[in-house]
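Hi,

Here is the structure I promised to pass on to you. Have a look at it first, and then read my notes below.

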Amino acid sequence: MRVSATRRKHAAAASSTTRTVVRPTPRTTSRTTSRTGRRAAGRTAGRTGVVLFTTAAVLSSAGCFGSSDDPSRHGPTRAGKTPGAKRTIVWNTRPSSIASLGDSITRGFDACSVLSDCPEVSWSTGTDVRSLAQRLLPATTARSGTHSWNFAKTGAVVADLPGQIEAAAARKPKLITVMIGANDACRNSVDEMTSTEQFRSTFTSALTRLRRDLPKTQVYVASVPNLKRLWSEGRKNVFGRQIWKLGICPSMLKDSEHLDAASNERRQRVADRVTEYNKVLKDVCGRDVLCRYDPAVHDYRFTTSELSKWDWFHPSKAGQQQLAEMAYRRITASAS
């Protein structure tokens with residue numbers, strides 16, 4: 001059967017239309033891919049942000065992120081150690097230099113002659129006795145006195161410690177000895193004694209200042225001697241009782257021969273205050289890893305031969321030797 005020319009033309013056009021493929025130009029392809037890539041990247045970044053935010057929230061709530069002052073944030077040092085790691089502090093039983101702070105006892109008052117200092121026989125830094133300095137320092141150094149200094153002062157009270165610390169700090173000693181508190185109790189009357197609260201506040205401030213000025217210096221704190229024990233021993237000497245009337249530690253030694261209730265009560269109040277002072281010294285010193293408190297001085301029962309033959313109250317040269325021995329044992333002990 002014959003097909004008309006018109007029909008053949010329409011069939012050819014339809015066939016041509018069906019076979020025609022539109023091929024995009026390179027420029028069109030580039031623009032399309034770019035837009036598609038941006039939409040995909042946006043969707044990926046959004047999902048990644050959500051994941052990171054969620055992870056951070058979980059870690060933060062678990063404590064995995066350090067605070068701004070957490071050393072772990074900065075990573076290990078070159079040596080592989082964390083900057084915030086604590087270093088073990090070891091007490092040195094052989095310090096190479098010593099400075100002494102305190103009152104008349106550390107000045108050797110009345111140990112050599114009447115009513116005068118004698119630092120040469122001081123238990124801490126003396127050169128004419130086997131003092132702490134003589135025991136700890138090399139012989140040549142100890143004899144020369146170039147590495148030991150005595151900043152104690154007769155009549156000093158706890159309020160005088162900051163000034164003594166300032167003087168000692170200039171020398172940068174490896175060890176500082178402190179014996180203070182007897183004069184805070186030895187007042188004209190019991191009502192004038194330094195209160196325990198004031199003693200604590202002042203001693204705490206003084207030790208804080210010492211640690212600020214001398215962060216690596218070791219500190220030996222001797223307990224306040226048993227003043228009642230000194231009265232009990234010294235009163236055996238008639239001459240001593242007469243000297244006490246000149247005004248030596250009136251709160252304890254006044255009317256030394258009287259044994260009435262009022263006198264005994266007064267002496268006990270002084271003894272109790274000394275006990276309170278020693279508790280303060282122990283407590284405050286105990287909070288410093290480079291401080292050692294020594295109760296031995298208060299516990300020691302001085303004999304008549306260990307008291308000054310001029311006032312029968314301060315340690316004699318023999319008494320100073322005993323103080324040095326007690327301090328040496330405490331300072332050279334292997335553990336605090």
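Ser 148 sits in strand β2 (residues 148–150); helices here are DSSP runs of H or I with at least four residues, strands are runs of E with at least two, and both are numbered from the N terminus. At 9% relative accessibility, Ser 148 counts as buried (buried means under 20% relative accessible area, exposed over 50%, and partly exposed in between, with a 1.4 Å probe and protein chains only). Leaving out residues up to four places away in sequence, Ser 148 touches Ile 98, Thr 125, Ala 133 and Leu 137, where contact means heavy atoms within 4.5 Å.

Before you go further, some ground rules: this is a predicted model, so local features need pLDDT of at least 70 and side-chain atom pairs count only at pLDDT 80 or more, while totals for chains, interfaces and linings use all residues. Residues are numbered from 1 along each chain as its sequence is written, and side-chain values use heavy atoms, with hydrogens and water left out.

Now the overall picture. The protein has 13 helices and 5 strands. It has 336 residues, and 40% of them count as buried. If you take contacts between residues at least 6 apart in sequence, 71% of them join residues at least 24 apart. The protein exposes about 19100 Å², with 54% of that supplied by carbon and sulfur atoms; the areas come from the Shrake-Rupley method with a 1.4 Å probe, and for residues only the protein chains shown count as cover.

On to the strands. Which way do β1 and β3 pair, and over how many bridges? Strand β1 (residues 98–102) pairs with β3 in the parallel sense, over 5 bridges (strands pair if DSSP finds at least two bridges between them). Leu 101 stands opposite Val 178 of β3. Strand β3 also runs parallel to strand β4 (residues 218–222), joined to it by 4 bridges. There, Thr 177 stands opposite Tyr 220, and Ile 176 has Val 219 as its bridge partner. Moving on, β4 and strand β5 (residues 291–294) are parallel too, with 4 bridges, and Ala 222 is partnered by Asp 294 in β5.

Why is β3 described as largely enclosed by the rest of the structure? Because 5 of the 5 residues of β3 (residues 175–179) are buried. On one side you'll find Leu 175, Thr 177 and Met 179, on the other Ile 176 and Val 178, and both faces are covered. Strand β4 is mostly covered as well, with 5 of its 5 residues buried: Gln 218, Tyr 220 and Ala 222 point one way, Val 219 and Val 221 the other.

Apart from neighbours within four places in sequence, Val 178 is in contact with Leu 101, Leu 161, Val 219, Tyr 220, Val 221 and Ala 222. Val 178 and Tyr 293 are 115 residues apart in sequence but 9.5 Å apart in space, C-alpha to C-alpha.

Then there's the largest nonpolar core, with 67 residues, of which Trp 123, Val 221, Leu 227 and Phe 313 touch the most other members. (Such a core is a set of buried Ala, Val, Leu, Ile, Met, Phe, Trp, Tyr and Cys residues joined through side-chain atoms within 4.5 Å.) Helix α11 (residues 261–286) gives the most to this core, with 7 residues. Not counting residues up to four places away in sequence, Phe 313 touches several residues, including Leu 227, Leu 230, Trp 244 and Ile 248.

Helix α8 (residues 227–234) is largely enclosed by the rest of the structure, because 6 of its 8 residues are buried. These are Leu 227, Arg 229, Leu 230, Trp 231, Glu 233 and Gly 234. They pack against α6 (182–185), α9 (238–244), α10 (250–253) and α11.

For contrast, is Glu 192 buried or partly exposed? This residue, in the loop between α6 and α7 (196–213), counts as partly exposed at 40% relative accessibility. Glu 192 and Ser 251 are 59 residues apart in sequence and 8.8 Å apart in space, C-alpha to C-alpha.

Cheers
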